[in-house]
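Subject: Structure for your attention

Dear colleague,

Please find the structure below, together with its sequence.

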Amino acid sequence: MKMKESPTQEFKRELTDAVKREIIAFANTQGGDLYIEVEDDGTIVGLENAEKVLESVSSMLHDGIQPDILVHTFLEGAEMEGKDVVKVSVSRGTRRPYHLKSKGMKSSGVFIRYGTSVTNASEENIRQMIIESDGTDFETMRSLKQDLTFTEAAALFKQLNVPFAPEQQRTLGLITEDGYYTNLGRLFSDQCEHTIKCARYSGTDKLDFQDRKEFSGSILTQVEAAYEYLTLNNAKTARFEGLTRVETESYPSYALREALVNAATHRDYSFSSSILIHLFQDRIEIVSVGGLVRGLTLEDIELGISQSRNPKLANVLYRLKWIESYGTGLHRIKESYKQSHNNPFWTVGPNAFVATLPKQMLPIPTEENEALANWLQQNKEFASKDLERYLNKSKGTVRIIIEELLQNGQIIRVGRGPATRYRVYD
């Protein structure tokens, strides 16, 4: 009785490159046996030099397939109906997906078995095999994309005098021991799939949109570019205390930098959504995807308890001195607002963490308080220019004073745009 092909048994008339596809498919599915020198219908052809074919198959598997598949194969010469054949027994691999070295870990190089047929694996098939082999730790999983470059990251590492050769990339977790780029590596690569999106509004809501920016490339480049954008929109105001000119930023630079780096460090990169930054007239909101790490509360992290979702990413940023110390970020953001009447705050959702940085409201100098209170008693409704003339202060300084009066409920805003006026609240 002739043997038949089945989901775990395959015949090949002769040794060709197609053998690699069959062996990859067995290793990626449920294993099986491949017989060489047997027709598709089970007819035994036989060969003259089985030893030579065994050596050829071994070289083919070693040179043409990744990861190393030889540990999951057993090659032997066998006799069937008095004729010599080669039998390749393949077990289900532990480092799936196995693929053609020349094609890489993409659909054209990865094969799976459906019944007695071999077909290309879909991207979702490949992703699922990676998860089953590597686990669900995003940072250490092999990247679905392997043709990565690191032009931007290498330039920054060099600028900061931090080594970035392949041996350091392996130590940092960007490359696996068997030479694959990890998802962490992809974050630092020029091909990083995640982005940071910024949107600026003229009011305190999302009705009056002004402009938007989206930053891509290496996560390092994105953070630097986003911080530069925030800095350009961080207006400075000046006032004199005696003969000393004192400049004040709308938002403490430290708070902007720390909130942005925190968002990039702790977000959940298994989500494809971008980090979102909303710039309003009175505040900046930085939205990071993923919420809190399981088991932590907002109170925990405000007390300085640190548990990073991406510890390897945090370690790299620590080496670059973008992170000063673990678990102190939110506390230091609050400290940077110690001269302001209002404070930053955080909002946590099931899959999001929002850091809200209000525009600084600095105390009005004591000597101005009484005079300003008297003027408001005499001027129940006014425009910002009226107050500029009375105080003899710059537009920026008066804007800060008006915002504080609004915040304290002493005045209310009437109208919009150039026609905006303010009314004393009785």
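In what follows, two residues are in contact when heavy atoms of theirs lie within 4.5 Å. Please note that this is a predicted model, in which local features need pLDDT of at least 70 and side-chain atom pairs count only at pLDDT 80 or more, while totals for chains, interfaces and linings use all residues. Residues are numbered from 1 along each chain as its sequence is written, and side-chain values use heavy atoms, with hydrogens and water left out.

Overall form

The protein has 14 helices and 19 strands; these are DSSP runs, numbered from the N terminus, with helices being H or I of at least four residues and strands E of at least two. Its radius of gyration, taken over C-alpha atoms, is 32 Å, well over the 22 Å given for 426 residues by the globule rule (2.2 Å times the number of residues to the power 0.38), so the protein is more spread out than a compact globule. Along the principal axes, the C-alpha atoms fill a box of roughly 115 × 40 × 35 Å. Of the contacts with a separation of 6 or more, 60% join residues 24 or more positions apart.

Of the 426 residues, 46% are buried. Here buried means under 20% relative accessible area, exposed over 50%, and partly exposed in between (1.4 Å probe, protein chains only).

Cores and helix α8

The largest nonpolar core comprises 56 residues, and F188, L220 and I277 have the most contacts inside it. Helix α8 gives the most to this core, namely 7 residues. Such a core is a set of buried Ala, Val, Leu, Ile, Met, Phe, Trp, Tyr and Cys residues joined through side-chain atoms within 4.5 Å. A second, separate core of 24 residues includes V53, L54, L61 and I65.

Because 10 of its 14 residues are buried, α8 is largely enclosed by the rest of the structure. L256, L260 and V261 are among the buried ones.

Helix α7 and Q222

Q222 is found in helix α7 (residues 219-232). It counts as buried, at 0% relative accessibility. Leaving aside neighbours within four places in sequence, Q222 is in contact with C192, H194, T195, I196, F215, S216 and G217. The other buried residues of α7 include I219, L220, V223 and A226.

Backbone features

Most residues other than glycine have a negative phi, and most peptide bonds are trans. The bond from Q66 to P67 is cis, with omega near -15°, and P67 lies in the loop between β3 (65-66) and β4 (73-80). The bond from R96 to P97 is also cis, with omega near 5°; P97 is in the loop between β5 (83-90) and β6 (99-100).

K321, which is not a glycine, has a positive phi of about 65°. It is found in the loop between α10 (311-319) and α11 (329-335) and, at 67% relative accessibility, counts as exposed. N392 has a positive phi near 55°, is found in the loop between α13 (384-391) and α14 (395-407), and counts as exposed at 68% relative accessibility.

Yours sincerely
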